[in-house]
Amino acid sequence: MSLLHRLVQYYFVLCATCIWNSAQISQDVATINQDSSYFFYQRPEYPKDCKDILNECSSSSSSGVYLIKPDGYSEPFEVFCNHDLDSGGWMVVQRRMDGSVSFNRNWEEYRKGFGFLSTEFWLGNEKLSYITNQEVYELRIDMVLSNGSSFYIKYNNFRITDYWGSFSLTSVGDFSGNESSVITLCPPNTVAQNFTCEPVQDTQIYTDCYHAYQTGRRDDGVYTIRPSGWTGEPLKVPCNMSIDGGGWTVLQRRVNGSVSFEQNWEEYKDGFGILDHELWLGNDKMHYITNQKNYELRMDMINLDEDAYFAKYSLFRIKNEDSKYQLELGVYDSASTASYDAMDRHRDQFFSTPDRDNDANSGYDCAANHRAGWWYESCFNCDFNRPNIGSCSYPNPYWYNLPGSDCLMYTDIKIRPV
């Protein structure tokens with residue numbers, strides 16, 4: 001899509017398409033500053049977006065600055081809510097007016113946000129990631145042209161990935177607007193490049209992410225693969241092309257608990273979650289991928305101290321369903337920063353889920369009690385799939401004997417051919 005007129009000022013806003021019904025939660029609001037329309041909620045939970053504020057707070061009909069706390073985000077923060085536009089409930093994430101704030105910023109500044117909510121600002125990619133991954137949001141972009149005319153465009157499903165996905169724009173949804181004459185849309189099977197519509201290249205299918213990396217693909221994202229022996233449709237898999245030399249196929253990721261990992265045998269077999277966010281790729285897929293060649297394993301984690309660690313192993317392979325997806329694990333790499341082989345006791349173990357106990361502990365059902373699927377022996381010393389990610393509240397994901405806290409707020413499992 002290209003704009004045919006010069007834009008001199010614009011801003012875009014988000015509005016949740018799902019209404020949060022919280023009639024049981026108090027709607028008492030205390031005014032901090034009537035002039036600035038700044039409020040805080042006297043209740044244990046903050047509103048998660050501006051639509052939430054509009055629905056739950058009778059005093060929030062005016063536009064202004066409010067406190068919100070999206071699902072999984074550590075602390076509440078301020079946002080500007082526009083309640084005058086298009087039925088209200090819009091959260092402004094960017095605004096340009098007169099150039100008073102420079103947008104020539106680096107990665108960290110765009111990550112954290114900058115500017116002033118009352119004038120020009122960028123809310124911050126990290127906040128935007130948490131916001132857009134808790135609901136389906138529509139996006140509205142309002143623009144004013146140099147001749148003074150104005151128009152807007154809307155998309156019905158806007159979302160970006162997290163920090164580890166480089167805040168990629170993964171969805172915008174269907175387009176609508178009030179002034180299509182100023183917008184040129186590329187026809188089907190073409191893509192906008194250098195202000196023209198270029199033909200889309202045929203999608204190549206790879207055997208894994210390293211195969212894609214070898215062909216020159218260097219962008220993190222979702223790729224299409226077909227492992228040797230796989231007879232179904234080609235698979236969509238997340239590829240990490242930037243860390244540790246690139247070419248990694250991502251098998252698991254936890255970020256903020258937005259996807260439940262308390263799943264049964266069939267769901268762990270088929271896979272679940274969101275490819276560019278939290279996911280379990282699926283035991284059947286892992287079996288076919290890891291049995292076409294030898295793969296090394298890298299397990300990345302961030303603990304509650306916000307310290308990052310990794311552990312690497314020389315081989316990762318799992319058997320088929322008839323063999324209960326038994327784990328074959330190679331030698332622990334001494335260069336790993338986790339400093340302890342917490343996966344040692346999980347070597348050669350069968351996979352268990354809350355509805356199928358295959359662990360080596362005859363007197364205790366690890367998967368049922370830990371509410372997750374994993375290669376349990378007697379439950380310990382590593383488990384990335386327990387439910388309470390981001391806390392030390394049992395049962396929580398952990399890696400035993402880390403240099404810092406054992407409790408984890410981020411996990412990522414990936415493989416690459418040796």
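What volume does the second largest pocket have? The second largest pocket has a volume of about 460 Å³, where a pocket is an open set of points, on a 1 Å grid over the protein atoms alone, at which a 1.4 Å probe fits and which has protein on both sides within 12 Å along at least five of seven lines, and a volume is the space filled by probe spheres set on the points, these being joined across faces, edges and corners. The model is a predicted one, in which local features need pLDDT of at least 70 and side-chain atom pairs count only at pLDDT 80 or more, while totals for chains, interfaces and linings use all residues. Residues are numbered from 1 along each chain as its sequence is written, and side-chain values use heavy atoms, with hydrogens and water left out.

The lining of this second largest pocket, meaning the residues with an atom within 4 Å of a point, comprises 26 residues, and D219, D220, G221, V222 and Y223 are those that lie nearest its centre. Two or more lining residues come from each of β12 (169-171), β17 (221-225), β18 (235-240), β19 (248-254) and β28, and β17 gives the most, with four residues. Helices (H or I, at least four residues) and strands (E, at least two) are DSSP runs numbered from the N terminus. By class, the lining has ten nonpolar, nine polar and seven charged residues, with Ala, Val, Leu, Ile, Met, Phe, Trp, Tyr, Cys and Pro counted as nonpolar, Asp, Glu, Lys and Arg as charged, and the others, Gly among them, as polar.

Strand β12 also holds S171, which counts as buried because its relative accessible area is 17%, the classes being buried under 20%, exposed over 50% and partly exposed in between (1.4 Å probe, protein chains only). The side chain of S171 reaches the backbone oxygen of N157 at 2.7 Å. Leaving aside neighbours within four places in sequence, S171 is in contact (heavy atoms within 4.5 Å) with N157, F158 and R159.

Helix α3 is mostly covered, as seven of its eight residues are buried, namely N125, K127, L128, S129, Y130, I131 and T132.

Across the whole chain, the secondary structure comes to seven helices and 28 strands, and buried residues make up 49% of the 418 residues.

Some details of the backbone remain. A cis peptide bond joins F380 and N381, with omega about 25°, and N381 is found in the loop between α7 (366-370) and β26 (382-383). Another cis peptide bond joins Y394 and P395, with omega about -5°, and P395 has its place in the loop between β26 and β27 (398-399). Y325, a residue other than glycine, has a positive phi near 50°; Y325 is found in the loop between β24 (316-318) and β25 (327-329) and counts as buried because its relative accessibility is 0%. N401 likewise has a positive phi, of about 65°, although it is not a glycine, and N401 is found in the loop between β27 and β28, where its relative accessible area of 39% makes it partly exposed.

How values were computed
A polar contact is a pair of N or O atoms within 3.5 Å; within protein, one must be able to donate a hydrogen and the other to accept it, and residues adjacent in sequence count only if both atoms are side-chain atoms.
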